[in-house]
Amino acid sequence: MKRHGNLWNKIIDMDNLKLAFNKATKGKKRRDEIKQIIDNQDYYLNKLQTMLIDGKFHTSNYSTRIIHEPKERVIYILPFFPDRIVHHAIMNVLEPIFESLFIDDSYSCRANKGPHKGSIKCMKYVTKYKWCLKCDISKFYPTIDHELLKIFLERKIKDKRVLHLLFDIIDSIEGNVNIPIGNYISQWFGNLYMNQLDMYIKHHLMIKPYIRYCDDFTIFSNDKAELLLFKDLIENFIKNKLHQKFSKCDIFKTTRGVDFLGYRHFSNGKILVRKSTTKRLKRHVAEIPYLLKNGYITTIQAKSKLASVIGCISHANSHNLYNKLNIDTVRRYIEFYEQETDS
């Protein structure tokens, strides 16, 4: 297996740091704490480059918040400077290396992938196979083993300064497990970790009808007994090789519908938005007029939120849902509000 070196100079190169800066500021330029850094970009980037060269960069202290959608999770938040810029600078260089490892059936946090394309592949299998094995891993990110992740990184990277930087980020959380949800680089760590399972499933078990999105995955077959065998083998693998366990693992007929990636896929070709997703979308649409009226969002942000909802449901058979969410009513409200504020 090829190991990559000579990466450090690419990461600390000023052009790469500027690219990382632009990526890190995307969609956040209105925030006061970031405006100051944007106005003094050259100063901060030179300071960051010096910190990296002198070995004085260390991951900052986290602040945390709890979210409840789609389930309760602790989100870890790092400062924009220097941490978020550093994470992007690292991945600008490492992304092609990681991508060369990943299989085509991995759809999470990758360019030209995502839930919609994963859903299309899922529907293809749902209409072709009688049985589905659907599993997800219990508390995936909080149970990622630091030492195992370091081993997986060392298999592909031999540049010691880059490894030191990566290990500093990994060890920024106390204990031997947990990769912080909220770090940009964590989603890449998660994919690299689960790539070990992908390799086992595709190259050892030789399973073709397989789809993974983060820690959720599905396998299809016309033979239930085959899926029962796969279930046991995979459960042993994630326990012994990844030090994790299933939270759910179910075998069922595809005629029941496969709930995956936010949609319910049926063997007759019909796709519906998941019920829990529908409730969340309804709440998001309903709150737009209030947020707009009270100045919490701009008309541009309101249009973006509505477009996001439309994009989500347009992938499904959603004519009735579109009307149920009152999308046209909210769109007219946004347009009226925009006209009133412009006049």
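Predicted model: local features only at pLDDT ≥ 70, side-chain atom pairs only at ≥ 80, totals over all residues.
Although N6 is not a glycine, its phi is positive, at about 55°. P82 belongs to helix α5, which comprises residues 80-99.

Strand β1, formed by residues 63-67, contains T64. When residues up to four places away in sequence are not counted, T64 touches V74, I75 and Y76. The separation between T64 and R280 was also computed: these residues are 216 residues apart along the chain, and 23 Å lies between their C-alpha atoms.

The packing of two helices was examined next. Helix α9 spans residues 184-204 and helix α10 spans residues 224-240; the two pack at an angle of about 150°, and their axes are 11 Å apart. The crossing in which α9 passes α10 is right-handed. On the α9 side, the contact involves Q196, L197, Y200 and I201, which meet L233, I234, F237 and I238 of α10. By class, the residues of this contact comprise seven nonpolar and one polar, with no charged residue.

The aromatic side chains were considered in turn. In total, 17 aromatic pairs are present in the structure. One of the pairs is that of Y200 and F237, which is stacked, with a distance of 4.3 Å centre to centre and 15° between the planes. This pair links distant parts of the chain, since Y200 lies in helix α9 and F237 in helix α10, 37 residues apart.

Attention then turned to the second largest pocket, which holds about 250 Å³ of space. This pocket is lined by 14 residues, of which L272, V273, T278, L321 and K324 are the closest to its centre. Two or more lining residues are given by each of β9 (271-273), α11 (275-293) and α13 (319-324). The most is given by α11, which supplies four residues to the lining. Divided by class, the lining of the second largest pocket consists of six charged, four polar and four nonpolar residues. The contact of α9 with α10, by comparison, has no charged residues.

Notes:
Residues numbered from 1 in each chain as written. Heavy atoms only, no water. Axes fitted to C-alpha atoms, helices over the stretch in contact; angles between N-to-C directions. Left-handed = near helix turned anticlockwise from the far one by under 90°. Contact = heavy atoms within 4.5 Å. Nonpolar A, V, L, I, M, F, W, Y, C, P; charged D, E, K, R; others polar. 1 Å grid on protein atoms, 1.4 Å probe; cavity = no way out; pocket = protein on both sides within 12 Å on 5 of 7 lines; lining within 4 Å. Points joined across faces, edges and corners; volume = space filled by probe spheres on them. Phe/Tyr/Trp six-rings, centres within 6.5 Å; stacked < 30°, edge-to-face > 60°.
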